[in-house]
Amino acid sequence: MPKNSKAVKRELDDDVTESVRDLLSNEDACDDSFKKSSLIVNNHEGEGKECDVEEGGSDGEEEERPAWNSKLQYILAQVGFSVGLGNVWRFPYLCQKNGGGAYLVPYLILLILIGIPLFFLELAVGQRIRRGSIGVWNYISPRLGGIGFASCVVCFFVALYYNVIIGWSLFYFSQSFQQPLPWHECPLVKNKTSTYVVPECEKSSATTYYWYRQALDISDSISEGGGLNWKMTVCLLAAWSMVCLAMIKGIQSSGKVMYFSSLFPYVVLICFLVRALLLKGSVDGIRHMFTPKLEIMLEAKVWREAATQVFFALGLGFGGVIAFSSYNKRDNNCHFDAVLVSFINFFTSVLATLVVFAVLGFKANIMNSKCVALNTNRIVALLGNGVDRSQIPHHINLSQANQVSAEDYHQMIDIIRGVTEDDFPSLGLDTCSIEDELNKAVQGTGLAFIAFTEAMTHFPASPFWSVMFFLMLVNLGLGSMFGTIEGILTPLIDTFKVRKEFLTVGCCVLAFSIGLLFVQRSGNYFVAMFDDYSATLPLLIVVILENVAIAWVYGIDKFFEDLKDMLGFTPFRFYYYMWKYITPILLLVLLGSSLIQLTMTPPSYSAWIQEEAKEQTLRFPPWGIVVCISLVVMAVLPVPVVFALRFFNIIDDSAGGLSTVSYKKGRIIKESARPGEDDDASLIQGKSPSEAPSPMPGNSIYRKQSGGGGGSPDADTAPNGRYGIGYLMADMPDMPESDL
């Protein structure tokens, strides 16, 4: 063995475990030196070649791949992507609808059986191959390369309407700087002779009217376009401008935004929870929420909805998880990340549920008090005409209807009902139950823009809380949008080598142009259509194919070897059986049940009828059904198309073949081996693609810091990860090379 081999080996770090210091490490001051580096390349003919590589490097050479500046930044990005609007307005609704606290049991079970294994799989694949979704699945099996394109299409569809919701939140945010809030009460119409309340508002409520008429100016059906809503068009432009500016430099710019967009919602949720708990009736809401209805747990529908929520809560299949993890250090403990992010997501959903039902409990008490006062006045009017004075308990003072308590009112109602019996319904008296108010299940935009806004009008200092709430929604939406857009940009940049800035701007301009469909007067109906049909089935199919590709095409045993090499330990055997048997079967069952549900319920949407001032379920017109089917087909189409092109050799499997690069954690060493030197510890050993495939295109390389000069190796070395990635891209004799 040559004498310098030991010296070189001494420079290498052994695999180390994850540490708290690594997780919390801040961005490095030396980041600029990382962004430009010099690559020494051994091509297949064995001729050494040195080239300077900057971001968006030249064709034919391996460009510098961006990296997270710290582990915390990466975790916040994954949390920001997975924790979205669904945690705030979908999970609480499902929890209430499906058995209260008992719903958490099937959710947790399915999180462990489906969520964490699949999330871990996507993190590991992205981190190992270090490419976006197109490159990852094309590498695993060229015939399955369409999986990545399908993910990109779904991401684009979701981004189109998701940013519209951010635009709605921006509009409400901009209108919240008023006292009183503009949706506090119904507007009045004045004419020469009288002043009256707008009929549409009088028939519904102030917040409902403001949402449908002032904000959306909604048409009566999807067939009535009605032209653009200029207020929402401006808000949509603002939303896409924010996304474009945050994403234009990739993770170097969006990663810094994550510190605010991922953490701010937690500050708001905690503030809301503390404030709500101090309000009358909040405990009623929380008690109602977590009173378990165990019998509901036995229904298959509860498990199906829990599985669907787990699936979408973690952002599986979008490609954003793979894209974010592809910028990681190769020896990062992605198993720890998968478990951590999954449970952060779960506890965020529980926190949001506490907040929502504490606020709804407060609102229910207010609505109940109004109901009691209204019906007490009705009882006063009915005295001697259906209700006898002797039926009223002596301690109740009917002259002050507003001061009659709910308990006294229920006592009166029970007596009147007992005396009148069959005639009671004709009296028109309501029972005024807090439970009935809380059982009015609301979700989605109905929760955020109607129920929650109504509750906030009764808060002290309501404009402040309204500003905080809608700013939180904007941040939750942006965090998810960053991951969704990254799921589009990263695979395309990796595959087609286009400049990130041009692609980002082009993507945002195209999405805004198509997004004008969602800001016309009928736009809300198109949002509902895309939400129901553009993602559910395609994403299920994508994730099933991902699971099958790893477990059965690539090979679960080989994948476990790669994980051991990457993590430094063998993952629990639990994942072996999950990936190979349990998870694919559960996903197929979920896909089958989703298909059955879609076929049994004809495509429909909830329309707002202006004259009646209420929602009405309408069926999509024939062209609408065609659009629904087209959304599903277009999203899934890349999978069979790419498979057919590869199968019939229309596209050669070897096209764009990848050369060998293997990785080892260590220090960046400014030393190249002399040509012809037989050194088993050499940092450069050329190898042809046929000898050992690699996920990294180009030739065998190692990274040498530019800015040159001589100096001892110690002066130029840095701990692993100091410059963001910190890999030695070389074939190391002490590292068993995996199939990846």
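A disulfide is a pair of cysteine sulfur atoms within 2.5 Å. I start my notebook with that rule.

**Ground rules.** I am working on a predicted model, where local features need pLDDT of at least 70, side-chain atom pairs count only at pLDDT 80 or more, and totals for chains, interfaces and linings use all residues. Residues are numbered from 1 along each chain as its sequence is written, and side-chain values use heavy atoms, with hydrogens and water left out.

**Entry 1: the whole chain.** I looked up the overall make-up and found 28 helices and nine strands. Helices here are DSSP runs of H or I with at least four residues, strands are E runs of at least two, and both are numbered from the N terminus. Of the 740 residues, 56% count as buried. Buried means under 20% relative accessible area, exposed means over 50%, and partly exposed is in between, using a 1.4 Å probe and protein chains only. I also checked contacts, meaning heavy atoms within 4.5 Å. Among those between residues at least 6 apart in sequence, 82% join residues at least 24 apart.

**Entry 2: disulfides.** How many disulfides does the rule give? I get two disulfides. Numbering the bonded cysteines in sequence order, I wrote the pairing down as 1-2, 3-4.

I took C371 and C432 to begin with: a disulfide joins them, S to S 1.9 Å. This pair links distant parts of the chain, 61 residues apart, with C371 in helix α17 (residues 334–382) and C432 in the loop between α18 (406–420) and α19 (434–438). The torsion about their S-S bond is about -75 degrees, so I noted this disulfide as left-handed. C371 is buried at 17% relative accessible area, and C432 is buried at 5%.

Then I went to C186 and C201, whose sulfur atoms are 1.9 Å apart in a disulfide. C186 lies in the loop between α9 (146–175) and β3 (188–190) and C201 in helix α10 (residues 199–203), so the bond ties together parts 15 residues apart in sequence. Here the S-S torsion is about -85 degrees, so this disulfide is left-handed. Are its two ends buried or exposed? C186 is partly exposed, at 23% relative accessibility, while C201 is buried, at 1%.

C155 is buried, at 0% relative accessibility. I also looked up C628, which is buried at 3%.

**Entry 3: two helices that pack.** Two packed helices are described by the angle between their axes and the distance between the axes. I looked at helix α7 (residues 104–129) and helix α25 (residues 573–600), which pack at about 115 degrees with their axes 10 Å apart. The axes are lines fitted to C-alpha atoms over the stretch in contact, and angles run from 0 to 180 degrees between N-to-C directions.

Which residues make the contact? On α7 I found I112, L113, I114, I116, P117, L118, F120 and L121, and on α25 F574, Y575, M578, W579, T583, L586 and L587. I sorted the residues of this contact into 14 nonpolar, one polar and no charged. For that count, Ala, Val, Leu, Ile, Met, Phe, Trp, Tyr, Cys and Pro are nonpolar, Asp, Glu, Lys and Arg are charged, and the others, Gly among them, are polar.

**Entry 4: cores.** A nonpolar core is a set of buried Ala, Val, Leu, Ile, Met, Phe, Trp, Tyr and Cys residues joined through side-chain atoms within 4.5 Å. I found that the largest one has 184 residues, and W137, W240 and F272 have the most contacts inside it. Its largest share, 18 residues, comes from α9. Leaving out residues up to four places away in sequence, I see W240 touching A159, N163, M481, I485, C508, A511 and F512. Apart from this core lies another, of 17 residues, including I379, L398, I413 and F424.

Entry 5: The peptide bond from Q179 to P180 is cis, with omega near 0 degrees. I located P180 in the loop between α9 and β3. A461 is not a glycine, yet its phi is positive, near 55 degrees; I found A461 in the loop between α20 (444–456) and α21 (462–496). N649, not a glycine either, has a positive phi of about 60 degrees. N649 sits in the loop between α27 (638–647) and β7 (663–665), and counts as exposed at 57% relative accessibility.
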